[in-house]
Amino acid sequence: MYEILLREDLAPKVHLFRINAPSVAQKANAGQFVVIRIDERGERIPLTIADWDRNEGSVSVVAMEVGATTHRLARLQTGDSIANFIGPLGLATEIEKFGTVVCVAGGFAVATIFPIARAMKEAGNQVIAIMGARSRELMFWEERLRSVSDQLIITTDDGSYGRKGLVTEPLKELAAGGSIDRVITIGPSVMMKYSALTTKPFGIKTIVSLNPIMVDGTGMCGCCRVSVDDKTKFACVDGPDFDGHKVDWDLLIARQRTYLEEEKLALERDQHECKCQSSS
Amino acid sequence: MAKLDLNRQPMPRQTPEKRAKNFDEVALGYSSEQVRAEADRCIQCPKQPCVSGCPVDINIPGFIKAIQQDDLPEAVKVLKNKNSLPGICGRVCPQESQCEAKCTLAKKGAPIAIGRLERYAADWERANMKAATDSTTAKPAPGKKVAVVGSGPAGLTAAAELARYGHQVTLFEALHTAGGVLMYGIPEFRLPKEIVQNEVKYVISLGVDLVLDAVIGKTFTVDELLSQGYAAVFLGPGAGAPIFLNIPGENLNGIYSANEFLTRVNLMKAYAFPDYDTPVRIGSKVGVIGGGNVAMDAARCALRLGADKVYIIYRRSEAELPARREEVENAMEEGIEFHLLTNPKQFLGNEQNWVAGMECYRMELGEPDESGRRRPIAIPDTEYVIPVDTAITALGTRPNPIIPTSTEGLTVSRWGTVIADEETGRTEKAGVWAGGDIVTGSATVISAMGAGKRAAADMDKYLRP
């Protein structure tokens with residue numbers, strides 16, 4: 001069992017879990033993920049590593065309540081435990097001194113981009129961060145991200161905070177400015193797709209972190225296969241980072257929708273069980 | 001001399017109609033009368049040809065003799081002296097091409113059903129003997145720490161053997177449950193999971209320390225194990241990475257590797273969704289590509305999950321099917337349809353990106369290839385479409401690259417398998433042994449066990465000053 005050392009609510013339906021997992025903490029690097037399973041009947045889901053503390057032996061992950069598993073996770077508190085916590089999996093993000101690096105985060109992926117931006121900064125890069133969300137209440141870690149960035153740009157869809165609009169707008173301006181050496185963009189698939197399309201005409205290498213459905217997360221099942229440069233890759237072992245200009249986005253998005261009906265059913269069942277438990 | 005009894009006892013099984021709708025074990029096991037009748041057929045021939053057919057050298061006439069004398073504890077003891085996992089081997093070993101093929105009575109067409117007798121003895125032990133204890137730890141403990149990577153057949157066997165030699169064994173498993181392919185791959189109806197877990201418990205009872213959720217090459221590297229106090233490492237991670245066909249449409253929704261499909265069903269219990277969280281989507285027409293045991297397992301699981309039609313698509317003819325004959329017959333009885341001499345050219349999808357059909361060639365057999373089997377050749381202009389809404393590719397596996405690529409000094413073949421001495425399992429890296437599918441590519445449970453056992457013996461020699 002892996003104890004939750006701290007559960008923290010970052011935004012509505014978005015929670016951080018700091019998990020006691022010393023061996024994972026020793027090895028964790030920016031861009032890698034873990035696979036978790038809550039209990040005996042749970043499914044295995046991948047969560048990107050948001051931070052780690054090698055001294056404490058802890059690894060932090062951030063999850064948004066979307067399906068049955070993340071809803072169930074959201075009901076756990078500090079001191080509770082989960083059954084399995086496996087990692088660090090996948091390849092770490094390529095970190096070196098590129099020059100000027102733009103780190104773009106859509107929604108709760110700010111938790112994923114933070115350790116990458118920090119590593120890029122430590123490697124001597126000029127880091128420009130862009131964080132976007134639907135509205136202000138969904139924003140978190142602004143100061144953390146600012147602390148590892150030379151410049152921070154905030155966008156909201158509704159204009160409730162920062163600049164009104166999508167992350168692709170400031171990204172396009174920066175790209176057009178001509179002094180960007182690399183872009184890392186992480187968030188929902190559609191956001192990554194359009195970020196990659198934005199930088200493509202400028203020929204700026206753009207790294208994305210793909211999030212297909214996974215089962216084992218160790219290269220065993222092939223569920224997470226994606227097409228990159230017309231070649232099939234397993235996101236769990238060959239990625240999750242890939243060249244965003246070469247990803248077949250429509251395939252990724254279609255495959256992510258494989259179990260929509262089952263996910264709905266599982267969530268309804270979970271919500272029903274949850275109500276029964278809280279009323280008894 | 002007594003007349004030879006050629007009346008091989010048949011294995012009682014669930015009827016095809018009944019078993020096609022449940023995941024319970026198909027073969028029900030011999031009754032006590034049957035086991036005696038079958039054991040009594042053994043003539044205890046002095047040459048013991050059966051033993052030479054066993055990859056782990058079980059004293060087969062010895063355990064059968066004990067059954068003849070109604071001494072089941074002795075039968076178990078004889079089995080376990082050479083084989084830590086008899087309940088598993090009795091079920092999934094291809095006896096027909098190993099021990100039973102060598103049996104003197106095989107010439108008369110009625111070899112002793114050695115596997116079924118082994119299974120009976122193991123099941124008897126599970127039901128009647130107290131927590132497995134072992135008295136075969138003969139040598140004094142040298143007190144060396146050894147690591148075994150992977151808890152499938154090779155790793156479980158190596159761990160058990162090393163513990164019996166007196167070493168302090170840590171067994172690392174990447175998944176959340178021990179057993180490897182015995183848990184995620186082979187279905188309940190062929191190998192009940194309770195039996196696997198019982199064998200795992202037996203290995204733990206020998207003093208083996210099991211560490212789950214440890215992906216070697218990620219959580220710990222082999223070099224870290226060696227530098228952190230493990231005097232030797234055995235690698236038995238299996239050949240876990242699925243092979244795909246590399247044809248158009250292969251990434252459509254509804255197309256699974258057999259590994260994914262079987263993992264969802266067996267390890268994650270997707271058949272019990274939504275009581276268990278992991279889903280699996282089975283349509284009404286399922287095409288399974290391949291002709292091995294894994295293809296049969298996937299096809300029969302799909303049938304049990306409610307598919308109307310399940311097809312095996314295999315590019316050679318029935319004679320070349322690599323699956324055990326018994327499993328092919330089971331599948332046919334259950335209503336699986338075989339499209340032989342057929343090979344997919346591409347998968348066709350619908351507007352929702354779901355697989356809707358397989359366009360296939362009809363094939364013919366040409367000259368034998370390097371494997372000795374006749375090479376299948378597509379007949380031009382014979383393409384036709386088999387409508388399916390689920391497809392499962394069971395084309396074999398290759399080694400997972402995580403360990404080879406993260407271990408300095410380990411050499412691999414062009415197929416990605418780890419190079420190790422066939423007899424001892426020694427790799428070209430000092431202190432590291434390997435065995436099972438990581439060395440041979442996809443093979444059998446028993447050959448992996450044999451490799452684990454031979455490596456353990458060589459490791460023991462290395463660990464003693």
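User: What counts as a helix or strand here, and where is A:Arg182 found?

Analyst: Helices (H or I, at least four residues) and strands (E, at least two) are DSSP runs, numbered from the N terminus. A:Arg182 is found in strand β12, residues 182–186 of chain A. This is a predicted model, where local features need pLDDT of at least 70, side-chain atom pairs count only at pLDDT 80 or more, and totals for chains, interfaces and linings use all residues. Residues are numbered from 1 along each chain as its sequence is written, chains are lettered from A and ligands numbered from 1 in written order, and side-chain values use heavy atoms, without hydrogens and water.

User: How confident is the prediction in chain B?

Analyst: pLDDT is the predictor's confidence in each residue, from 0 to 100. Chain B averages 93, and 97% of the residues score at least 70. The model scores ipTM 0.94 and pTM 0.94.

User: Is A:Arg182 buried or exposed?

Analyst: Buried means under 20% relative accessible area, exposed over 50%, partly exposed in between (1.4 Å probe, protein chains only). A:Arg182 counts as buried because its relative accessibility is 7%.

User: Which residues does A:Arg182 contact?

Analyst: Contact means heavy atoms within 4.5 Å. Leaving aside neighbours within four places in sequence, A:Arg182 touches residues including A:Glu94, A:Phe98, A:Ile204 and A:Lys205.

User: Where does A:Val110 lie, and what surrounds it?

Analyst: A:Val110 lies in helix α3, residues 110–122 of chain A. A:Val110 is buried, with a relative accessible area of 2%. Beyond four places in sequence, its contacts are A:Ala105, A:Met131, A:Phe140, A:Trp141 and A:Leu145. A:Leu145 is 35 residues away along the chain, yet the two C-alpha atoms are separated by 7.9 Å.

User: How much area is buried between chain A and chain B?

Analyst: Buried area is the accessible area (1.4 Å probe) that two parts lose on being put together, summed over both. Here it is about 3,600 Å², and carbon and sulfur atoms give 52% of that. A:Met220, A:Arg225 and A:Tyr259 supply 19% of the area that chain A buries against chain B, more than any other three residues. In contact terms, 44 residues of chain A meet 41 residues of chain B.

User: How many salt bridges cross the interface?

Analyst: A salt bridge is a side-chain nitrogen of Lys or Arg within 4 Å of a carboxyl oxygen of Asp or Glu. The rule finds four between chain A and chain B. One side-chain pair that meets this way is A:Arg269 with B:Asp275 (2.8 Å, N to O).
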